[in-house]
Every structure is written in structure tokens, then in C-alpha cells.
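Hello,

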Amino acid sequence: MARTPSPALDRRSRTWCLAAAFACALPLLLLVPHWLAATLLAASGIGIALAWKRPAPSALRFLLTFALVGLVFSAYSFRLGRDTASSLLLAMLMFKPIELNTLRDARSLVGFSLFALFAAFLLDQGPLTLALALPAAGFAFASCARLADAEVGAIGLATNWKRIAAIGGLFALAAPLALAGFWLFPRLGSPLWGVPDVARAKVGISDRMAPGDWIDLLSDDTPAFRVRFDGPMPPQDSLYWRGLVMWNFDGRGWTQPAWPLGMRPAAQVPASRPVRYEVTLEPTDRHYLFALDLPQDAPEGAILAQDLSLAAQESVKSLLTYTMRSAAPARFEPDLAPGVRAVALRLPPGFNPRTIALAQRWRSETNDDAAIVRRALAMYHEKFSYSLAAPPLGRDSVDEFLFDTKIGYCEHFSSSFTFLMRAAGIPARVVTGYVGGYRNTIGDYWLVRQSDAHAWSEVWLPGRGWMRVDPTAAVAPERVFRRAADNAAGPGGGTTLGKLLDVGDWIRHGWNDFVLGFNSVRQQSLLSAFGVHNPDSGDLAIAFGVATGLLLAIVGLFQLRDRGPRRDPLLRAWSRFTGRLARVHLRKLPHEPALAYARRVAPLLSLQGEDVLALSQRFVSARYARPDMDDQARSALIKALRAFRIRDRARS
Amino acid sequence: MISAAQGFAATWRRRALGFTRPRRVEALPVALDRRRIYVLPTRFGLFIAALLGTMLVGALNYNNNPALLLGFLLAATAQLSLHATHLALSGIRLRDARAVPVYAGDDSILELRFDALRARPRPGLVLACGAARTVFSLPGADDVQVELSLATTRRGWLLPGRLTLSTTQPLGLARAWSYFWPDLRLLVYPALEIHAPPLPTHEGTGDRMRVRAQGEEPHHLRDYRVGDPPRQVAWKASARTGKLLVREYEAHSDRDIRLDWNTLASLPYEARISRLARWVVEADRANARYALVLPGQLLGPAQGHAHRHACLQALALLPHG
């Protein structure tokens, strides 16, 4: 079929679609790097301004497309990920308005805009994104309504505000259906295809730790995870959240080997009853999980490694909730296998000769490992100071730190301590994770932020096994538990702002719980509340069908109701009046004129015949004889008609 | 290839039209109910459906709950907008339809009166008949008069056939349409000849003409037409206005004007009809009594609006040559 050219777009519809597109782009604009967002906005603004009067030349559009695509790719260092793809979509969306001339263009822009909303959810699932996305989607649909009017040339028939109100009404009607879909539509137990990675790594503990790396991390207050304890919680100074156990040292940084993942967890003897808790981990795009020292078993979908670090089988791309049991150890791997011992003593040759000399001197003076540990801690306590403004270290980082700078933070302390222990012949390793946390009294849960990141050491002592040693605590215990202390009064020091922040985080926690955490497992437990146990997807489909069918019927009734201009109040009062007479079997016949009716029924009423006649006469004259009757007389008549009550019984 | 496809599509459209209601002409008033309202997604609606489908599958796969929530909300809204599209037509009633006869070539204005059984704001209704379309809205249950101008090309009965009432409200995702098939025959008079000679007041000569010219009052002036006798030209008035004007005389004569088909044998068939139609109009304007002689029928002599209509109708309904 020959396609008729799409009608041209009028200027106000164009503005309207542009506004909708911008509203839809906003959630994504807030999620991509700020400089990229600013550049895209500026480029799109210039492009729209250039193309406003007449379509931009295609060469220019071509050039702009290439430039923007190149820009986005370079922003993500030419790596493909879901953030790269989302940014590309955003760039296209920002660029599309340049060729906004016909109705077709406008409609594809609206479609793109809706897609951009979903792309935003791939990057962030927070309540703010949804709160921005909902009105944006309403905006997009309102511009659909405007385009539908523009198509038939009936723009003048409704105002934009009326359209927005109509969309709001439709949304309100659609909300129950949407919730039915959300709760009852059969969920996938396991995804059909994996979530693409992100190209730009998130801030968070990485799989390598070298002194000086964590400066950004330690000043980042975004949440890492939230914890809710089931029952009593351990003392605050033992809240060490174990993450990665790092065995390998390359002279500069520590890394985690792969071999512990393939071995059974080391033996441990708990010192007390384990505590139970639930961790809700923010997406990290990495494999490792965090658990309180020491985890007793691995949650579903994760592995407990030989060194009791946890690794998830899939990298954590969306919010992950897992339940854990942990207990402080009385003994932890008391029998160290020779191979493991060798790894825990391995040092790269040719690094840090002064430290090695010091360790050997200590070793020659005593054979007691514990004494050497105590001596090292005493040295830290006396001569070292804590500061985030630590000077950078050169090749022999441990030497320089221990003998020259003597100032640093957890990375420096744990790295140098572990090296020193290994040099003295004591098996040692670095553990990274988080320490402490902030208790949200409103929601009664613990919030652990990225800035709570910490690194400490474990040394192996005969008879006792692995033992946690935190050299940072030896230098500045208040710095380790700085947050815990600060946090006792709340982040804002117990002020109103602090309480508000608490409430905000509590809402976020609830959102994580109720919205983000809903999956096929929760869906099944939802149905079991209605007596359907272990429902399969067929049962769910039936439940979904029944619920949506019922809701559609109810909503349909709502849509069916009359919504035209209201009937004349005088007529309504009159039909009420005749209705009352009909109750005593004096029904007005459909074809009967008002006055004839009154004359017929008046003689049948013993007491009120006169009233009925008088009222009917007034009604007839108001309705048919005097259309210009003033409002006061009119409302008096309406009042009289409404006030009429049957007091006597009909004679026959 | 393309034309074959077009032909195929046209055939199918015709066949589909055979299944749709109403299947025959119906008496007014007619109200639209669910049995005769058809709803199908528009191209844009299909696009949005594909988009929402993709997004929902993606959201389900990633168990991305906010996206799922938004996706279901949009899908439910789109679904409800289909209902709204249906309801925008449901209950509309066509009360009556009429049109004043026009001359072929002019637009026939079809006047239709709509109201609604259920009061509901119904904007953006499109009424179409062939290529003619008009947009209106029914704000409540009250009467609304809609005019549809239909192009006419030939004299005789114009059968508008089925009228399509459609809307894509509220979102343009779906188009609901329904057909009215009122029993409607619009009369189209023949086109009037533009430069027709003056009325054949008598089949006589110049003498009689003069007698008549002397005996009657000049009625008014009109533009000169080819064939007007020079003595009728109003020279003074022509000089004043700059164009040739001719005096016309009121026919007070008892003599009837006889407009005879047979006197125009030299003209082609349709041209005869055009000229006679013009003469009928002229004679009526001159308030004359006139008779129209057509093959096999004689109208009049008479005068007045009804006679004029009868004559023009007779001319309009002459068989097409």
C-alpha cells in the first residue's frame, strides 16, 4: 500500500512531546556520569534550537550521531555493559528531537522515551527513580493523547491539563490491575538470560587491596548493606564483616587466590551460640558476600571457601538478601596443613629488606609467636598515628611505612603487619570487609556504609588457630569504631536532620524489602496465605487471570458510569417528588404531562392533594412557562419539591 | 505486483465490509451498541504493545520489580484506554440525517444530528463518508449537529452509503469504528449551464419581443450574456459600472413560458439538461409561470418553489445518456 506521508506536527504538540521526552530522560540523566549528562543536554539543546525552524541537514545529523556515540563509548572506556547501552539509548533519546517534524517522529519519540524509563531501572531500582518515572510515563501518555487529537485535527477540543487529568484517572483505574500483575503474574524462578555487566565498576571493596587505594571508598557514604539481627546481637566491637581473605602479596598489593574456593571450609569451634541475621546487600557486580566473623554455613547460591570467605555463584547484580549464622571462634583451623602454611608464609623476594631484618631480630629473641604479635602491636601503638592523609609509598612500601612515614590507615596497618608476621615466620593473611555499622533505631536494623570499609589481619597461632588481629585498633581504636561512636548519636548528631535521614534510610530499607525483594519465592508464600501451597506457574496463571478478570469488571463498571453534565436540579427534584408519590401507588405514567398527572392524583389524596397540585403548578410554570425565572425562586421550588413527604395514605 | 497486492487488499476489505454490521440500510434513529463497534489497535498501538511486551519480558527476566511495576501499570493503562475507546462510541445515536439538494459540482451539505444514550464526554469523533470527513465531539447527552460536505459530480440520486464514525481517543493506541447506514438518498440537481441564452419567452420573433418590451416594466439589471438582443442592453448603467448590463423584464404576461426539450435538439444530451435547468432557475427567479416539456412528461405550467423542485428533480433523474 502506498503510505500517506505522516501529517506535520504543530508547534505546541512538538513542545509537549519534547517536555515528555525530557521528563522520561531525567531518571537516566541522573544515573549517568554528570559530565556526560551535561554534555548530552547541551548538545541536544543546541540541536533542537538549530532544527526548530526547519529540519537540520542530514549531514549535520549524521555527524552529531557519530559524535555522541563516540562520546558515550569513550565515557565507558569502550567497554560494553548495560550502563553503556543505557547511555547510548539516552544519547539517542536526547538526539531524536532534532528530527521531530511529523506525527510519526513524535510517536517514535514517545516510544523511545518509555524505553528510556526501563533502561533507567536497569541501572537503579531505587524509589527515587520510580518516583520520577511514574509522572514521566504519565507525561508520555498525555502526549500520546495530544497526538491522537492532533492526528484528527481536534487539538482545540481538550486542554493539556484535562489530558493530564484524564491520564491520571486512567492510571488510578489501572493501579489495581498493575498490582495484580505485579503480585500474581508468574515469575521466573531463574532468568532466561543473564543480566549484562556494567562497564564502569561501582565503588566498593575491590578484589585487590594496596595501601592508599581506599581513599575514595572511605569517604563514600552510600550503603553497602543492611543487616537485621534475629534475636540478640553481638557486642558492637566484634562487628567485623568478613569479606575477602587475601593471601597473595606482590610487593605492593594483596589479592585473593582462587584455591580456597575449591576446598572445604576449615574446621572451627564456635566460642558461643551463633547469631542469626539477614543481610540485604546492595548490588556490587562482584561475587563476594559479607558475613559476620565467622560464618557457619553458606547461604543458598553461595560457596563458603576454605578460609571462610563467601562467594556467590552469580555476581550480585541486583539487591540480594541472604540469611546467615555466625559465631566468634574459640578455635579456627587449629591444624594448619603444610601447603596452606607455606602459602600463608610466602613473601615476594627482594622487597622490604629492613622489615625482614626487624622480623628476624624479633624471632631470634623469642620463640613465642604470641609474644611477637604483642610486640608488633605495642610498636604500632607507641610510634604510629592514624590519618587518611597518608603520604604515598614507594617500591618497598612496608619498609617506608614502618620506618619512615609511620602514618596511615587500615590498609597500611594491615598490609605492613601481615608482612611483618610472615617475615617473622608466623602464618598471616589480610582480611577485608567492613567494620561496625550504624543502627537505625526507627527500623531497628544496621546500616553498613562503604565508608565503613576496613582491612585487618589474621595470624595463625599454635593451638588457637587463626586469630583476628586489628593493628589499626592498636593505633587508634576510636578510628576503627569511629562510626559506631558517631553513629550512636545518628549521622546528624541526633538532630532533626539526623532523624530525617534515619527515616529516609528506613523507607529505603522497606522499599528493598517489599518491592525489590519480591521474587518467585515470595510470590509462592503470598499464595500460601490463601491456602494454595506450593503453587506452580499454572496456579499462578489462574490466580492472575481471576484477579485481573474481576478487577477489569470492576474497573469497567467505573468506566461505564455516566459522566456527562449533570441533569437539571429542578428535574431531579421533580423526579424525586414523583418517586415519593409512586411509593403510595400514584405512579406517573411516562406519557402523562405533569399537570394532568397532578390533577389525576390530587383527588386521591385526602390531606395533601392541594399541596401536590400547587407544587406541580409551580413546577410546570418554572419549567415551561418561565425559563427566565430567577435563581432564588427556582431554588425555593427545588427545596419545596425535595421537602415533600407523603403524610396521608391514598384513598383507594 | 503492487497493484495486485492493492487489488487483493481491496477485495478483502470489501469482503470484510460484507461481514460488518449493519448489513443493510436501517431506519433512523440508530444507536451504537457493542455488537457493531469494532476496535483494532492502530499502528502506533502495535508499536507500544511490542515495546511494553519487550520491557515486561526483560523486567521479568531480571526480576526488576520497579520496571515490572511500571510496565504493568502502563500495560493496564493501555488496556483500559481500549475500553475507553470503545466506550467513546458506545451509546452514540444518529437521530436524523438530511441534506438540501444542490447542483452537481457543488458540495452537498449532509446535516446529521447525533446525541448519546449515556452522558459521557466524547471528544475527537471522526465522521467519514468516502473522502469527506469531519471532526466533532459530544460533550454530554445533548444533541449535536454535524455537517458533512460531500462532493457531487453528477446529477441524480447521491447514495452516501455507509457513514463511518471512528475515534482513536484517548491515547491513539486503538481505533474504534462503527458504521451507520441510514436510508439516505440525496438529490443532486443537474449542473446549471453557465452562459446560457436568455429564457425563450416566446418561440416568436423580434416583433413580439418589442411589443412585450414596451408593455412591461424593467424589473432589474443582470450581466450580459451572449445572444442578448442589443436593444436590451442598459447602456447608461453599463457605462456607470464598467460592464455590460442587460434589462430584464418581469413577466406579467398571461402567456406561460414553455421550456421544451425538443427545441434544443441541436445540443448534446447533457447540455440540453443543463440549459433547461438553468432556464428553470431563471424562470423561477423571474417569478414566471412555466412549463417543462421532457420526453414523455410534462410539468406545469405552474410556478413557485415546489414546481421548481419538481422540474429540477425531473431533469436530475433523466436517464444518464
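Which domains does the domain assignment of chain A give? Domain 1 covers residues 11-158, domain 2 covers 208-488, and domain 3 covers 569-643. Taken over C-alpha atoms, the centres of domain 1 and domain 2 of chain A are separated by 46 Å.

Please keep in mind that this is a predicted model. Chain A has an average pLDDT of 84, and 93% of its residues score at least 70. Among the elements of chain A, strand β16 (residues 428-435) has the highest mean pLDDT, 93, while helix α16 (residues 482-488) has the lowest, 50. Over residues 487-492 of chain A, pLDDT stays under 50, and the model has twelve contacts beyond four places in sequence for that stretch. Where pLDDT is low, the predicted coordinates should not be read in detail.

Now to the helices of chain A. Two packed helices are described by the angle between their axes and the distance between the axes. One pair is α7 (residues 160-184) and α19 (residues 537-560) of chain A, which pack at about 180 degrees with their axes 9 Å apart. Angles over 145 degrees count as roughly antiparallel, and α7(A) and α19(A) are therefore roughly antiparallel to each other. From α7(A), the residues L173(A), P176(A), L177(A), A180(A) and L184(A) take part in the contact. Their counterparts in α19(A) include L540(A), F544(A), L551(A) and F558(A). By class, this contact of α7(A) with α19(A) has 13 nonpolar residues, one polar and no charged.

Another pair in chain A is α21 (residues 594-601) with α22 (residues 609-625), where the angle is about 175 degrees and the axes are 9 Å apart. α21(A) and α22(A) are therefore roughly antiparallel as well. Here A594(A), L595(A), A598(A) and V601(A) of α21(A) meet residues of α22(A), among them L613(A), F619(A) and V620(A). The contact of α21(A) with α22(A) has eight nonpolar residues, two polar and no charged.

In chain B, have a look at the open sheet of three strands, with the order β15-β16-β17 and mixed pairing. β15 (257-260) and β17 (297-302) of chain B stand at the edges with a single partner strand each, so one side of each is left without a neighbour in the sheet. From one strand to the next, the twist averages 10 degrees. β16(B), residues 290-294, pairs with β17(B) in the antiparallel sense over four bridges, and Y290(B) stands opposite A302(B) in β17(B). Two helices of chain B also pack on the sheet. Helix α6(B), residues 269-285, touches β15 and β16 of chain B, and its direction makes about 165 degrees with that of β15(B). Helix α7(B), residues 305-316, touches β16 and β17 of chain B, and its direction makes about 160 degrees with that of β17(B).

Finally, how do the chains meet? In this model, 45 residues of chain B are in contact with 56 residues of chain A. On the side of chain B that touches chain A, α1 (2-19), α2 (43-61), α3 (65-89), β6 (122-129) and β7 (132-138) each supply at least two residues. The largest share of that side, 16 residues, comes from α3(B). By class, the side of chain B that touches chain A has 28 nonpolar, 15 polar and two charged residues.

Note on methods
Residues numbered from 1 in each chain as written. Chains lettered and ligands numbered in written order. Predicted model: local features only at pLDDT ≥ 70, side-chain atom pairs only at ≥ 80, totals over all residues. Contact = placed C-beta atoms within 7 Å. Nonpolar A, V, L, I, M, F, W, Y, C, P; charged D, E, K, R; others polar. Domains from an automatic or database assignment. Axes fitted to C-alpha atoms, helices over the stretch in contact; angles between N-to-C directions. Parallel < 35°, antiparallel > 145°, perpendicular 65-115°, else oblique. Pairing = 2+ DSSP bridges. pLDDT = per-residue confidence, 0-100.
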